[in-house]
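Trainee: Could we go through this protein chain together, one careful question at a time?

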Amino acid sequence: MNDRVQLDESWKAALSDQFAASYMASLKSFLKSEYSSGATIFPPTTDYFRALDLTPLKKVKVVILGQDPYHGDGQAHGLCFSVKPQVRTPPSLVNIYKELQSDLGIAPVRHGFLESWARQGVLLLNSVLTVRRGEAASHRGQGWERFTDAVIRQVNDLDHPVVFMLWGSYAQKKASFVDTERHLVLKAPHPSPLSAHNGFFGCRHFSKANEFLARTGQETIDWQLPASVDD
């Protein structure tokens, strides 16, 4: 991409073949043309790989898959479902907080900033890592999906078991190749207000994830977010 991109060294090494591939050169050219046209792209360049920067490969314990970055001003910062501090919590994340409270008794916080999860080993990965302002799904089919498939394959090949939380048919299809003999694959409807009542509520994925991590000798995730965060 360019020198401003930030990415943990473990991922740089694991994905070096992807960065050298022709499809990534095409993706880079596409993004350059987007910027040249005057389009506003989210998230900022430095946050394209924020999920991979905060969660080194060998420290991944849980994977949560999203689709596209938020396309509203000030929202996206490279982690699926997460928004920057001081930004209103999006509806799907509101429902995630409701399930957290039902499952683990964790009261919802007044922000949607999920970096503390990422720093503990929760890979908050979108399938597509950029979007044009105000235009949902505008960067689909340009190469990001192939790249993030490679990310999931790297996690699948880790020598320790990982929890995959697959919410909605898109995420479930994308990670359909994950080895269910080695890893815990949890499936539920998407937390969107359109589908959360069809089985996301009551799925208890957060407690199930921690039970699996404890059973496999790994440190559990503290799903309690800080009460407040700074910009």
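Trainee: Among contacts in the protein chain between residues at least 6 apart in sequence, what percentage join residues at least 24 apart?

Mentor: This is a predicted model, in which local features need pLDDT of at least 70, side-chain atom pairs count only at pLDDT 80 or more, and totals for chains, interfaces and linings use all residues. Residues are numbered from 1 along each chain as its sequence is written, and side-chain values use heavy atoms, with hydrogens and water left out. A contact means heavy atoms within 4.5 Å, and of those between residues at least 6 apart in sequence, the share joining residues at least 24 apart is 70%.

Trainee: What radius of gyration does the protein chain have?

Mentor: The radius is taken over C-alpha atoms, and the globule rule is 2.2 Å times the number of residues to the power 0.38. Because a compact globule with 231 residues would come near 17 Å, the chain agrees with that rule, at 17 Å.

Trainee: Is Ser 195 buried or exposed?

Mentor: Buried means under 20% relative accessible area, exposed over 50%, and partly exposed in between, with a 1.4 Å probe and protein chains only. Since the relative accessible area of Ser 195 is 17%, this residue is buried.

Trainee: Where is the place of Ser 195?

Mentor: Helices (H or I, at least four residues) and strands (E, at least two) are DSSP runs, numbered from the N terminus, and the chain has nine helices and six strands. Leaving aside neighbours within four places in sequence, Ser 195 touches Pro 189 and His 190. Its place is the loop between β6 (184-188) and α9 (205-215).
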